[in-house]
Amino acid sequence: MATKTKSKTAETVVLKDYESVIVFTPVLSEEQLKDAVSKYRKLITDDAGELVHEENWGLTKLAYPIQKKSTGFYVLLEYRSKPDFISKFELAFRRDERIMRYLTVSLDRHAVIYNQRKRNGEFNQGKKDQKQEGAK
Amino acid sequence: MKKKANASSPAMVFNTMPEAPQKKKFCRFKKNGIKYLDYKDANFLLKFVNDQGKVLPRRLTGTSLKYQRKVSQAIKRARHIAVLPFTGDSLK
């Protein structure tokens, strides 16, 4: 997973790291949600990108109502793609009525490392403890 | 001017890190070597907002400028995806 070719390698296509959080409406059924997510997964891979990680937070409470809904399905996609893919990807988000909110962030190298460690579950003992100490 | 706010100042009311009178503040990111702030981690970001949901100033949290910028960026991202509220009466 996630081959760390940081900058330009021999290949001409430069892939950058991105992460998108998508908030779907709570009116979708499990099945519809799966369909929607697989559509975006497909979009990434069709455009020479690679999906690094996918996370489904399930039905989560929103901090404030969006479109008069107080919950939403959160899906996190971490992927590597060409930079000009993002505009296409976000256009698809905007056209999709099932999506209430989205946020795409390009990841710097610290973020990629952080996400990797988070996935490996290193944080529940290591960094989290440090953070809590920092709070004291 | 690295003067500590004295106990009588109203600023102390909002301080998230209650400390001993003359203890020096420190940047928790520099101290713990945290390089990246996750905007999805609401519990962590809550340490940097007051109970109305406003970003706390550096003067209270002790965060260095470099990381304060990241904190505010992360909080704004979190607000956009409804992980943190824009306003609230009692977050804590």
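# Two chains, one loop

Biologist: Where in chain A is K68(A) found?

Modeller: The model is a predicted one. In it, the backbone of K68(A) has a positive phi of about 60 degrees, although the residue is not a glycine. K68(A) sits in the loop between β2 and β3 of chain A.

Biologist: What is the phi of Q67(A), which is not a glycine?

Modeller: Q67(A) lies in the loop between β2 (50–66) and β3 (69–81) of chain A. Its phi is positive, at about 50 degrees.

Biologist: Over which residues of chain A is the pLDDT below 50?

Modeller: The mean pLDDT of chain A is 83, and 81% of its residues reach 70 or more. One stretch is below 50, and beyond near neighbours in sequence it has 10 contacts in the model. That stretch is residues 126–136.

Biologist: In what order do the elements of chain B run from the N terminus on?

Modeller: Chain B has 4 helices and 0 strands. The elements run α-α-α-α.

Biologist: What percentage of the contacts in chain B with a separation of 6 or more is between residues 24 or more positions apart?

Modeller: Chain B has 92 residues, of which 23% count as buried. Among its contacts with a separation of 6 or more, the share from residues 24 or more positions apart is 71%.

Biologist: Which element gives the most to the side of chain B that touches chain A?

Modeller: Across the interface, 18 residues of chain B are in contact with 16 residues of chain A. On the side of chain B that touches chain A, α1 (28–32) and α4 (65–80) each supply at least two residues. The element that gives the most, with 3 residues, is α1(B).

Biologist: How many charged residues are on the side of chain B that touches chain A?

Modeller: This side belongs to the 18 residues of chain B that are in contact with chain A. By class, it has 9 nonpolar and 2 polar residues. The number of charged residues is 7.

Key. Residues are numbered from 1 along each chain as its sequence is written. Chains are lettered from A and ligands numbered from 1 in the order in which they are written. This is a predicted model: local features need pLDDT of at least 70, side-chain atom pairs count only at pLDDT 80 or more; totals for chains, interfaces and linings use all residues. Two residues are in contact if their C-beta atoms, placed from the backbone, lie within 7 Å. Ala, Val, Leu, Ile, Met, Phe, Trp, Tyr, Cys and Pro count as nonpolar, Asp, Glu, Lys and Arg as charged, and the others, Gly among them, as polar. pLDDT is the predictor's confidence in each residue, from 0 to 100. A residue is buried if 20 or more other C-beta atoms lie within 10 Å of its own, exposed if 12 or fewer, and partly exposed in between; C-beta atoms are placed from the backbone.
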